[in-house]
Amino acid sequence: MSASAKTEPKIIFRLQFEPEGRLGRGKIQLLCHIKDTGSISAGGRAMDMSYRRAWLLVDEMNRLFRAPVVESQRGGKQGGGAVLTPFGEALIAHYQAMEEKARAALADDIDWIVGQLAD
């Protein structure tokens, strides 16, 4: 592999809360899709996951924090839907800020390691 063909490594940033709570890129992406689509099922489909899986992840996040991240409405005349709460919006912003800070803080070390990769 030539130096120009080397790809930028990805930092996988995840917060682990004991005993079983986790918050990482996948859940944040799901929240972003729910925000964009107004739907848990559509948000899950955007990530190739079932409604049940998406709902379970949202439920896990809603139980993990003091405030809910998503509020959903049952079907009716307007149909169902889901919206991010103000806390959910803030959670996305803070997570993305932490990811960016981690990337910036580790950039020199990552560059050094990439420079050591075999050609």
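Analyst: Contact here means heavy atoms within 4.5 Å. By that rule Val-83 touches Val-69, Val-70 and Glu-71, with residues up to four places away in sequence left out. The model is a predicted one, in which local features need pLDDT of at least 70 and side-chain atom pairs pLDDT 80 or more, while totals for chains, interfaces and linings use all residues. Numbering runs from 1 along each chain as its sequence is written, and side-chain values use heavy atoms, without hydrogens or water.

User: Does Ser-39 count as buried or exposed, and why?

Analyst: The classes are buried under 20% relative accessible area, exposed over 50% and partly exposed in between, with a 1.4 Å probe and protein chains only. Ser-39 has 16% relative accessibility, so this residue counts as buried.

User: What makes Glu-60 and Lys-27 a salt bridge?

Analyst: A salt bridge needs a side-chain nitrogen of Lys or Arg within 4 Å of a carboxyl oxygen of Asp or Glu. For Glu-60 and Lys-27 the N to O value is 2.4 Å, and the pair qualifies. This bridge links distant parts of the chain, with Glu-60 in helix α3 (residues 51-64) and Lys-27 in helix α1, 33 residues apart.

User: Where do Glu-60 and Lys-27 fall on the accessibility scale?

Analyst: In separate classes, as it happens. Glu-60 has 22% relative accessibility and therefore counts as partly exposed. Lys-27 comes out at 10%, so Lys-27 counts as buried.

User: How many salt bridges are found in the whole structure?

Analyst: The search finds five. Among them, the side chains of Asp-59 and Arg-63 meet at 3.0 Å, N to O. Glu-100 also bridges to Arg-103, where the closest N and O atoms are 3.2 Å apart.

User: Why are Asp-59 and Arg-63 said to be about one helical turn apart?

Analyst: Because they are four residues apart in helix α3. Asp-59 has a relative accessible area of 23% and so is partly exposed, while Arg-63, at 60%, is exposed. Glu-100 and Arg-103 are three residues apart in helix α4, so they too are separated by about one helical turn. Glu-100, with 43%, is partly exposed, and Arg-103 is also partly exposed, with 36%.

User: Which residues gather in the patch of negative charge on the surface?

Analyst: They are Glu-8, Asp-108, Asp-109 and Asp-111. Patch members have over 30% relative accessible area and no salt bridge; like charges are joined within 9 Å, and nonpolar side chains (Val, Leu, Ile, Met, Phe, Trp, Tyr) within 5 Å. Lys and Arg count as positive, Asp and Glu as negative, with His and the chain ends not counted; each charge is placed at NZ of Lys, CZ of Arg, CG of Asp or CD of Glu. One member, Asp-108, lies in helix α4 (residues 86-115). Asp-108 has 65% relative accessibility, so it counts as exposed.

User: Which residues form the nonpolar patch?

Analyst: Tyr-51, Trp-55 and Leu-56, with about 290 Å² of accessible area together. Areas come from the Shrake-Rupley method with a 1.4 Å probe, and for residues only the protein chains shown count as cover. Tyr-51 is found in helix α3 and, with a relative accessible area of 45%, is partly exposed.

How values were computed
Helices (H or I, at least four residues) and strands (E, at least two) are DSSP runs, numbered from the N terminus.
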